[in-house]
Amino acid sequence: MRILNYMNLYSHPVQLSFLKDRTDEFVEVYHAHQGMELLYVHEGNSQVIVNQQIVKLAPGCLFFFRPFQLHRIQLKLGPGSRYIRSLFVFEPSKLDEYLAPFASLRSFFHRLWKEPLEQAQVFEGLPQEAFLSLFESYRERIANTQAELQLEEEMLFLISLLHQLKPFEAPQQRKDPLQMRSFSIAERVMGWVEQHYMDEFDLRQLADDIHLTPNHVSAAFRQKAGTSITEYLTARRIRQACWLLKMSDLSIQEVGQAIGLTNSSYFCNLFKKHVGLSPNRYRHSVG
């Protein structure tokens, strides 16, 4: 299983996938992209695990993921149902350049890209016909555009998509503690992992901290998240290791220690298994 899925943006800063039927080839894994990701659901129900939350997705939903944000999508399809989605991954700094003349739209994009999150990263109940028309129009235009003009056309599409999405942004509201939703056991576990992924893992300590038995915690997490606590913990650790390898001067051994893996050889093997490169090769890779 690969955790990091970069959809290489170094040679070209935009990757667009319109109306793709993923029903028979979908694989549920934790992954992240080097760029920003917009996921629009045309058909099929699913749920996404991101930011220590579990959020339902249905037709007419658009979810945005920030660069290197770890997430996992799980399909919830009935008999005969299909999963059809559009996926747009791009380098946000490049789109930001194209948005310079549009102050309000640029501010909206910055809220999606890098401002503190005040709500779930999903737009729900979008008018499906309008968005489908936009996607089909630009899919045809981009397919018939000369190579040297393709990036401009792709950026115009992303700008148009943001323009159509902006009116559906929920107003920012102060959170009322009395109205805060209750978190599931799985979300409590993910919150615990976020605080302790740099420590040696102890299931009993986790269970004690959230006031449940180890067996109950493990079973409840797998039932809700569709994976084991260990797999989620590994994904979170590898994501942090990638960030440290690119953004810090820590040695390979120190990076392993920083994510709770004191055995350097084990850390290197685990990293290569999930990323496809050794920590050293990853550090010196392009970008």
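## Helices α8 and α10

In this predicted model, helix α8 packs against helix α10, which spans residues 264-275. The angle between the two is about 95 degrees, and their axes lie 11 Å apart. Angles from 65 to 115 degrees count as roughly perpendicular, and α8 and α10 are therefore roughly perpendicular to each other.

On the α8 side, the contact is formed by T234, I238, A241, C242 and L245. These residues meet F267, L270, F271, H274 and V275 of α10. Sorted by class, the contact holds 8 nonpolar and 2 polar residues, with no charged residues.

## Helices α5 and α8

Helix α8, which covers residues 229-247, also meets helix α5, formed by residues 185-196. Their axes come within 10 Å and cross at roughly 40 degrees. The two helices are therefore oblique to each other. The crossing of α5 past α8 is right-handed.

Four residues of α5 take part, namely V189, M190, V193 and E194. Their counterparts in α8 are I229, Y232, L233 and R236. The contact of α5 with α8 comprises 6 nonpolar and 2 charged residues, and no polar ones.

## The sheet of three strands

Helix α5 also lies across strands β3 and β4, and runs at about 130 degrees to β4. Both strands belong to an open sheet of 3 strands, in the order β4-β3-β6 and with antiparallel pairing. The edges are taken by β4 (53-57) and β6 (71-75); each has a single partner strand, so one side of each is left without a neighbour in the sheet. From one strand to the next, the twist averages 20 degrees.

Strand β3, made of residues 46-50, is joined to β4 by 5 bridges, and the two run antiparallel. Within this pair, V48 stands opposite V55 in β4.

## The sheet of five strands

A further open sheet contains 5 strands in the order β1-β7-β2-β5-β8, again with antiparallel pairing. Here β1 (14-21) and β8 (122-123) are the edge strands; each has a single partner strand, so one side of each is left without a neighbour in the sheet. The partner β7, residues 84-90, is joined to β1 by 6 bridges in an antiparallel arrangement. In this pairing, D21 stands opposite I84 in β7.

Two helices pack on this sheet. Helix α3 touches β1, β2 (36-43) and β7, and its direction makes about 120 degrees with that of β1. Helix α4 touches β1, β2, β5 (62-65), β7 and β8, and its direction makes about 65 degrees with that of β1.

## Helices α3 and α4

Helix α3 (residues 128-143) and helix α4 (residues 150-165) also pack against each other, at an angle of about 175 degrees and with their axes 10 Å apart. That angle makes α3 roughly antiparallel to α4.

From α3, the contact draws on A130, F131, L134, F135, Y138, R141 and I142. They meet a set of α4 residues made up of Q150, E153, E154, L156, F157, S160, L161, Q164 and L165. The classes represented are 10 nonpolar, 3 polar and 3 charged residues.

## Confidence in the model

The mean pLDDT of the chain is 87, and 90% of its residues reach 70 or more. Over residues 173-181, however, the pLDDT is below 50. Beyond near neighbours in sequence, this stretch has 4 contacts in the model. Where pLDDT is low, the predicted coordinates should not be read in detail.

Technical notes:
Residues are numbered from 1 along each chain as its sequence is written. This is a predicted model: local features need pLDDT of at least 70, side-chain atom pairs count only at pLDDT 80 or more; totals for chains, interfaces and linings use all residues. Side-chain values use heavy atoms; hydrogens and water are left out. Axes are lines fitted to C-alpha atoms, for helices over the stretch in contact, and angles run from 0 to 180 degrees between N-to-C directions. Angles under 35 degrees count as roughly parallel, over 145 as roughly antiparallel, 65 to 115 as roughly perpendicular and the rest as oblique. A crossing is left-handed if the near helix is turned anticlockwise from the far one by less than a right angle, and right-handed if clockwise. Contact means heavy atoms within 4.5 Å. Ala, Val, Leu, Ile, Met, Phe, Trp, Tyr, Cys and Pro count as nonpolar, Asp, Glu, Lys and Arg as charged, and the others, Gly among them, as polar. Two strands pair if DSSP finds at least two bridges between them. pLDDT is the predictor's confidence in each residue, from 0 to 100.
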